[in-house]
Amino acid sequence: MKKRIIDLSKPSVGDLEFAALKRPLRSGWLTQGSEVESFENEFASSQKVSHAIAVSSATTGLHLALLAIGVKPGDEVLVPSFTWISTANAVLYCGAIPVLVDCDPTTFNLLLEDMLNKVTDKTSAIVVVHLFGLCVDVEALKRALPRPIPIVEDAACAVGAVMKDRSAGSMGDIGVFSFHPRKTLTTGEGGMITTNSDKYSDAVRVLRNHGASPLESSSSDNSHVVQMPKFDHLGFNYRLTDIQAAIGRVQLEKLPMFLAERHELATIYSRRLSNFTNIVVPKIEGDFTHSLQSYVILVNGESTNRDSLSNFLGVNGISTRPGTHAVHTLGYYQSNFGYSDQDLPGALKCATKSLAIPLHNCMSEKDVEYVCHFIELWISKNFS
Ligand SMILES: *Cc1c(COP(=O)(O)O)cnc(C)c1O
């Protein structure tokens, strides 16, 4: 078979994005302005939420979402361990304590039972992560809670993910999306906060812009006098630029196509790889519409198997990497919070046995067939 080079992930950007950049560049308005406002309105209507607020990344969005909910120093916030580190870091930015929850290697998402066991009087928020684009059943979580607790959805991977008729980012109190180039829709760096709450929307708008509250204008003012805004809160500069938003608006138009293409490619993977006992493929059909930000398999047996497969694919031009890490195994969390690897065995298993294989919108069906061929070859060499 002729050798191919297949990237794990690659953003799909082209002439339309290039043309859109001319608007802010010609107008000279480069930071948050009319492009951001249009992007927010278009995103809100596409995700069927009342408010969308653009921010500089999902990480800064998570920080603001937790602050808007009222998370304060000393509070506890429940966070699944198998996620990108910044889900937990955002809790630390608020001075609160991330309480890490175990995860289910069959979904890569939080284990509800373990989460419920860790609710205390100090729990002021829960962050659910719709990892790789598979939604957590937020309704079931709400019903199981001993008391109402605000829920933030880390929907960084989940643009386009749906559970029954609810979009990711519309099921909890606040949702947060990422537009990093590894995600399905990209602006280079960037993020979006979604909410149906006017109160949370107002709060994050103030906090992302240095804490500046809009002035109530008075009609008796001399209209040529520009007043300074009020600054009643400690805010940040977490704004998106109009340059990024112009790209984002084009990407949002392409989103249905991106999702359909990913689904088609993933279906080929699932058809060819689901018959091997050594490999577990993600569930992409049913009540949970997987948005397929990544296609992550679980390689059974010893964790050396995962690394052996990864190496074999790498030799053949195919790039892969672990799904993500388990935050409780990372140095900062072990030395500051006393975690050890075995504390959360499900998350540890996810971290040591998961493998993201190539899936993106610059790939062809032939590329997917090529990857499948080498996975099958590896299985036949090692397990027959
Ligand atoms: C990518 C990702 C983030 C961070 O997103 P940024 O926009 O890079 O800050 C957070 N959480 C999860 C689950 C992610 O996949």
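Residues are numbered from 1 along each chain as its sequence is written, and side-chain values use heavy atoms, with hydrogens and water left out. Because the model is predicted, local features need pLDDT of at least 70 and side-chain atom pairs count only at pLDDT 80 or more, whereas totals for chains, interfaces and linings use all residues.

The chain is divided into domain 1 (15-215 + 227-253) and domain 2 (255-383), with bounds that come from an automatic or database domain assignment. The C-alpha centres of domain 1 and domain 2 are 25 Å apart. To the contact between them, domain 1 contributes 43 residues and domain 2 contributes 38 residues, contact being defined as heavy atoms within 4.5 Å. The area buried between domain 1 and domain 2 is about 3,300 Å², and carbon and sulfur atoms give 64% of this area. Buried area is the accessible area (1.4 Å probe) that two parts lose on being put together, summed over both.

Between domain 1 and domain 2 the count of salt bridges is zero, a salt bridge being a side-chain nitrogen of Lys or Arg within 4 Å of a carboxyl oxygen of Asp or Glu. Polar contacts, however, are found across the interface of domain 1 and domain 2 in 19 residue pairs, with both residues at pLDDT 80 or more. A polar contact is a pair of N or O atoms within 3.5 Å; within protein, one must be able to donate a hydrogen and the other to accept it, and residues adjacent in sequence count only if both atoms are side-chain atoms. On the side of domain 1 that touches domain 2, at least two residues each are supplied by α4 (85-93), β3 (97-101), β6 (162-163) and α8 (242-273). Such helices (H or I, at least four residues) and strands (E, at least two) are DSSP runs, numbered from the N terminus. Strand β3 provides the largest share of this side, namely five residues. By residue class, the side of domain 1 that touches domain 2 comprises 26 nonpolar, eight polar and nine charged residues. In this scheme Ala, Val, Leu, Ile, Met, Phe, Trp, Tyr, Cys and Pro count as nonpolar, Asp, Glu, Lys and Arg as charged, and the others, Gly among them, as polar.

Several individual residues were then examined. Isoleucine 193 lies in strand β9 (residues 191-195) and counts as buried at 0% relative accessibility. The term buried means under 20% relative accessible area, exposed over 50%, and partly exposed in between (1.4 Å probe, protein chains only). Alanine 68, in helix α3 (residues 58-69), is buried with a relative accessible area of 15%. The contacts of alanine 68, leaving out residues up to four places away in sequence, are with Ile174, Tyr200, Ala203, Val204 and Leu207. Alanine 68 and lysine 199 are 131 residues apart in sequence, and their C-alpha atoms are 8.4 Å apart in space. Asparagine 278 is placed in the loop between α8 and β12 (279-280) and counts as buried at 15% relative accessibility. With residues up to four places away in sequence not counted, asparagine 278 touches Leu298, Val299, Asn300, Ile379 and Phe383.

Attention was also given to backbone angles. Most residues other than glycine have a negative phi. Lysine 48, in the loop between α2 (34-47) and β1 (51-55), has a positive phi near 55° and is exposed, with a relative accessible area of 69%. Leucine 292 also has a positive phi near 55°; this residue lies in the loop between β13 (288-289) and β14 (295-299) and is buried at 1% relative accessibility.

The count of salt bridges comes to 14. In one of them, the side chains of glutamate 17 and lysine 254 meet at 2.9 Å, N to O. Glutamate 17 lies in helix α1 (residues 15-27) and lysine 254 in helix α8, so the pair ties together parts that are 237 residues apart in sequence. Both glutamate 17 and lysine 254 are buried. Glutamate 40 forms a salt bridge with arginine 205, with the closest N and O atoms 3.4 Å apart. This pair links helix α2, which holds glutamate 40, to helix α7 (residues 198-208), which holds arginine 205, across 165 residues. Glutamate 40 is buried, with a relative accessible area of 5%, whereas arginine 205 is partly exposed at 30%. Glutamate 40 also meets arginine 208 in a salt bridge (2.9 Å, N to O).
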